[in-house]
Amino acid sequence: MNFQKIKPTPLRLALSDLVQTKELEPGRAWPLVLTPAQPHLDLAVWAKERVEFLEQSLNQAGALLFRGFGVTTAERFQQVIGAITPQLLAYKERSTPRTSVSGEIYTATEYPADQPIPLHNENSYAHEFPRKLWFCCLQPAEQGGETLLADSREVFRRISQDTKARFIEKGVMYVRNYGAGIDLDWPTVFQTTSRAVVEDYCRRAVIEFEWRQGDHLRTRQVRPATITHPVTDEDVWFNQAHLFHVSSLEKTLREDLLTTMAEEDLTRNAYYGDGSAIAEDTLEELRRVYWQCAVSFPWQPGDVLLVDNLLIAHGRMPYKGPRKILVAMADKHAPPRFQSGVAVANDTGQM
């Protein structure tokens, strides 16, 4: 026998031999939970060979929870991300404070621990946004701190037809004032100290802008309230009207702000795309539907969560004790410019 002619055959184990899939809750298809069937399985190595399977699973479930793989450092998290979505996005047009941990890997929103973060789709107020979001739990909170998830397709289905029709026709106008000392200032939001760079960004992003006294900036942008998923062709609710609107603030804080400044000077607010007011009962309907669709789970150390940002909204419950969740964004998506009965910006972008 001529052993020199015998070539080694690569050993490819079946998916079920290495990783098992299950439901997080009986009868709920998402998030799909993946756990190792073999000890010490390297998630990054496995995932690199299963990208197509993971993409298909994400399109169906909307969220994948990798549990038990021991991803307990930012370096290992970055390796997992690189196996599936190597090109990460910078956090542009910021609306919440974050700290860069390593390149385009950030801390989760640095928001007061005793307050919840409402369900929302990341950067849905922007002209382009990530299709995929990554989360990694390095340290769960001592109490609370669950991440909330909601299916944006189900949110769309449950909103009343009248409310849906108004938002679809008009879109959402987001108004922001930077520099009041309460919210983020414009150099933080746009990651530059150059007015010219900000103006160029605003023109390209179809954002009206106005420089005001004291180095303050006001912007206004109109975006769609719903979009169609580019792969699944499903309609999803995709905006932050309920989060930007002044009614999202605690009542006492809201009243205090409105006694000291005009509504147009609030750090952020939301209107219909034509500039008309959104009724508070309409916003309460949106918040109620989000909570009806909400699913939460307690983090475990080493958990990695991959979310389709268009299909799944996310939020956070209040918590106590240290909590360290890392976040990364990938796969930029820029839908066609929203068209309504109003001009959202002139040629210069200035108001």
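Predicted model: local features only at pLDDT ≥ 70, side-chain atom pairs only at ≥ 80, totals over all residues.
Residues are numbered from 1 along each chain as its sequence is written, and side-chain values use heavy atoms, without hydrogens and water.

**Stop 1: Glu128 and Lys332.** Select both side chains. They meet in a salt bridge, 4.0 Å from N to O (a side-chain nitrogen of Lys or Arg within 4 Å of a carboxyl oxygen of Asp or Glu). Glu128 lies in the loop between strand 6 and strand 7 and Lys332 in strand 20, so the pair ties together parts 204 residues apart in sequence. Lys332 is exposed, at 54%.

**Stop 2: Arg67 and Asp303.** Here the closest N and O atoms of the salt bridge are 2.6 Å apart. Both Arg67 and Asp303 are buried.

**Stop 3: Arg28 and Glu25.** This salt bridge has its closest N and O atoms 3.3 Å apart. Arg28 is partly exposed at 27%, and Glu25 likewise at 30%.

**Stop 4: the network.** Select Glu55, Lys132 and Asp331. Salt bridges link these three in a network. The structure holds 18 salt bridges.

**Stop 5: helix 11.** Select residues 280-293 (helices are DSSP runs of H or I, at least four residues, and strands runs of E, at least two, numbered from the N terminus). Its buried residues include Leu283, Arg287 and Tyr290.

Note on methods: Expected span 1.5 Å × (residues − 1). Buried < 20%, exposed > 50% of the residue type's maximum accessible area, 1.4 Å probe, protein only.
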